[in-house]
Structures are given as structure tokens and as C-alpha cells.
Amino acid sequence: MVMVTQTVTSFMPSRFASKVVRNGALSLSMSAADIDTKFFQKDAVDMSGTTEYVVKGGTHLYPTCGEAFEKVGIKKIGVIGWGSQAPAQAQNLADTLADTDIKVTIGLREGSKSFADAEAVGFSKEKGTLGEMYDVIKQSDLVILLISDAAQATLYKKIFAALKPGATLGLSHGFLLGYLESIGETFPESNDVIAVCPKGMGPSVRRLYEQGKSKKGAGINASMAVHQDKSGKATDTALAWAIALGSPFVFRTTMSDEYKSDIYGERGILLGAVHGLVEVLFRRFIAQGMTPEEAFIQSSESITGPLTKTISTQGILKVYNDMSDSDKVAFEKAYSASYKPSRDILEEIYDEVACGNEIRSVIMAGARHSEFPMGKIDGTTTWQVGEKVRAARVEEKIPLNPTTAGMYVAVMMAQIDVLLKHKHSYSEIINESVIEAVDSLCPYMHYKGISFMIDNCSTTARLGARKWASRFDYILEQQALPAMDKDAAPDASLIEAFKSNSVHGAITECCKMRPSVDISLFAESTMLERTM
């Protein structure tokens, strides 16, 4: 993947700066340039004039995953944890590698209540596929560390000490790298360090894998990063892991760019911003005379129904181009009023993530959880009404409200533009701002509301959504709505920038590689979603 390296901004303390990591790690420019693989086919994709490389997945490659693991010396995979990602990844890996001698073992804290959950889906001490976490770490050739980010920051020294020489440490988030950089620490020198990061919550990783088995494979796209490559085999280890999870396509990034875009995206359009936006729109539509039920339909249902479905298959610009002239005027007015206030908050979020503040916030929140656990977030009138609306829903009658579309797209485009400004690749930008929203997350909100979407994500994502949703609610209420109420023409320059944005061509290419099935929350699954 061709990708411009990120420049360290002046406000960042030097300990947060992205840099060349010694002891076998690759520099940003080298690690992001291409995909060098001996087992999988890479494809060059034209992303709006920029060549980026991807590896496309599918069930036909599952045997190759086993071959690749065996060739690079992976005989035992330890999946550590049982949160959002671990149940999905462990089950997908076990299914993909079922006809090989590679063993997938779950590692949990002694006494963890999750032992029963892991046993319920087939892992057991008797079969050697379930054990105490440090024992599993010591025995594994590939350790996939999926405990919470805050727990990683607390336990990393003991985890590193347990790694056997030559083992590969695998992460599904770059959070730990950000934390280590903030305190001047590094990963152990003798181990490969890689990341495979599915661009969707754990339950969607499992459900799409299950639903795609009969259709040549489906799942959640994943980014992969090689941070340290002592063995010279780290890239193929990461690719085998990603394809074995069912990823339709895998793109390369760096762990630094991954955590910045991922933590940022969760707080933006993926979770926090869409929560705040629905609350604002619901109140506005009621103030304009709609019933609560109609207000919910025109806000939340419009987003999770026709809006995201169009974006998923045909791109953002298609939403606008298919509108009538009068709807385009309403869209443009809402977009013009919402873009800059949203961009203001999104710039702040990116800065907070990049300098380490948001990472520290997550760790401090984790320390408070025993006294102040996360509370429910679906108790407002908005989501209570939503339960009634879903019960009576007629899917094909959900309207596309142009004001709702204009505000939602404005936030999405503002998020995209911040990532473009910071030189992230198109593959990363689109997955973190568009695909994850419309193909993984919004279907959960459509099925059972805001909490069902947010609270099936990681602890870091859940905390970020709760922290930043109110900021979007406030700024859109205070700035966007008054601007919409003024009798002013839409901002022509903003609308032209939206229509001509280079991201649209890249989104078109990504739409061609979308999953072969749409996720179904009604289908049977071994995945047990969290409810609060």
C-alpha cells in the first residue's frame, strides 16, 4: 500500500512521536509501502489515483492459512481474553484451522467467569483448548492478546515476560503501542510484533464469518501491521491470521496509524457522533411538530435504514445524486450547517488521541470501574420510543430524510477530511469512517438500538462513545441547528468540496470488495451479544 508517513505535530511531546523502532521493527515508510507475501496473492487497487495493495480473502484460502502458519512455525495459537473480539476470533480461527494440527487455545484469568462462556462454544481444559492465561502465553507460538486495553497497560510486563523466545505477539489494536511510547517503553526485542485489526465489533466478525461460509466467505475487513519482524516471516503470519478470520480484504497500515484512526473513529461517526446526532434530530423533529414515533423514524431509522444501505453498496455521493432538487436543497443546508461544527470536534478528538490524552483517559477510567461502572445509555425518550417503532417497523417504508442525511454525511465527511489531512491511506480512512459504520455497527443499532451497538464494542470504544456523544449533541444543537434556521443559502464552496472530494472514487473501489452477504442479526449464531 502506498502511504505517506505521518508527520509529528509540534504540540506532541517527543515521547509520543512516531519513530523508527529499533531491534527489528520497521519504519513507518517501509512498513506501509507494500505487502511482501509468499503465500497469498496481493492486488494493486487504484484508490483515487493512489495505488494501494490489498490481499483478498475467501473460504478457498482457508487451507492456505493453515499451510502458511505451519511454514512460519505456528503450531499453537493462544487467544487471550474473552471480550468483544476474542470469542469471535477464537471461534473463526478454530473453524478455519479445524482440518490442521494447529491448536487454538483460549487463555483466561484463573477464576474468570468467562470460562463457562468459552466452554459453551466448545473450548475446554480436557481438549487443551482452554487454560490459565499465562500458561497459554508460555506455550503459544502466536499469542493474540485481546484483553481490554486498560488491562494490557497494567499487565504488559508480566505478559512480555511470559512470551517464549521467538513467539509472535499479535494485537488487534495499536493501543498498547501508544501507551508504551507514552512511558518510554518498547516491545520485547526477541519477538515479532504484529497486528490484525478487524474493522468491526467482535460479534459482527463472527456473524459474517458464519453467514458467509456457503458464499465463498464473508466477514469484516481487517488492517494488518508489522511492527517488529525478527523472523522475516511476520507479514505472512499476519495475513494468515487475517484471512482465517474471514476478512474479505486486508490492507496494510502501521500500528501507530491504526490506533490513531481507530480510537478517533469510534468517538466520531462510528459511535459517539451518531449517538449525539440522533438525539439532536429527534428533539428537533418533535419541536417541528412530529410525533415522537415519526421523529424517530425520520432520524434514527432514516440513518440505519436507507441511508447506510445506500452508502454500503453505492457510496456516499449516491445518496446525494439520487435526491430530488428540493431534497438536495434541504441536504445542502443541513450539510453546510453541520460540517464545520463537527469538524471542530473531530479535529480535537484526533489531537487528543495522537498526543496520548485519550489513551490516558481510558486507563484512568478503567481504574474507576469498580466504583463507577459504565451505566446504561438508552434510557432517554428517544430510545424508549425506538423500541415501539422497531416493533411496528415496515422496512421498505422507512424514508430517507434529506436533513438527516445532510447532517450525517457532513459528520462522516468531516471525519474523512481529518484523516486525509493526517495522511492516512484511503483503505484505512474508508474502513474507519464508512465501511465499519454502515456494514458492522449501524445494523446493530437498527436491530436493537444505541446500547446494543455501542455496548457490544470494546471497553475503549464504549468509553469513548459515552465521553464524546454529548459533545456532538451540544455543538450541533448550539451551532448547526441555529444556522439551519437562518434564511441563508447553502455554502456553495462546502458543497462543491463534498461533491469533488477524492475519497468518492476510492469508496467506489471499496464497494466492489464488500462482503458477499449483509449481516443478519436474526440468523442463528454461536456469538452471544452483550445486553445491558
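Let us start with a pair of helices: α11 and α17 cross in a right-handed way, meaning that the near helix is turned clockwise from the far one by less than a right angle. Before going on, note that this is a predicted model, in which local features need pLDDT of at least 70, side-chain atom pairs count only at pLDDT 80 or more, and totals for chains, interfaces and linings use all residues. Residues are numbered from 1 along each chain as its sequence is written, and side-chain values use heavy atoms, with hydrogens and water left out. Helices here are DSSP runs (H or I, at least four residues), numbered from the N terminus.

How do α11 and α17 run relative to each other? Their axes come within 11 Å and cross at roughly 155°; these axes are lines fitted to C-alpha atoms over the stretch in contact, and angles run from 0 to 180 degrees between N-to-C directions. That makes α11 roughly antiparallel to α17, a label for angles over 145 degrees. On the α11 side, A273, V274, L277, L281 and F285 meet T403, T404, M407, Y408 and V411 of α17, where contact means heavy atoms within 4.5 Å. This contact is made of eight nonpolar residues, two polar and no charged. In this scheme Ala, Val, Leu, Ile, Met, Phe, Trp, Tyr, Cys and Pro are nonpolar, Asp, Glu, Lys and Arg are charged, and the others, Gly among them, are polar.

Now follow α11 to another partner. Helix α11 (residues 272-287) packs with helix α12 (residues 292-314) at about 150°, their axes 8 Å apart, and the two are therefore roughly antiparallel. Their crossing is right-handed.

The largest nonpolar core has 131 residues, and F187, I316, Y335, Y408 and M453 have the most contacts inside it. Such a core is a set of buried Ala, Val, Leu, Ile, Met, Phe, Trp, Tyr and Cys residues joined through side-chain atoms within 4.5 Å. Its largest share, 12 residues, comes from α17. In soluble globular proteins, nonpolar side chains tend to be buried together.

Finally, V394 sits in the loop between α16 (381-391) and α17 (402-421).

Key: Buried means under 20% relative accessible area, exposed over 50%, partly exposed in between (1.4 Å probe, protein chains only). Angles under 35 degrees count as roughly parallel, over 145 as roughly antiparallel, 65 to 115 as roughly perpendicular and the rest as oblique.
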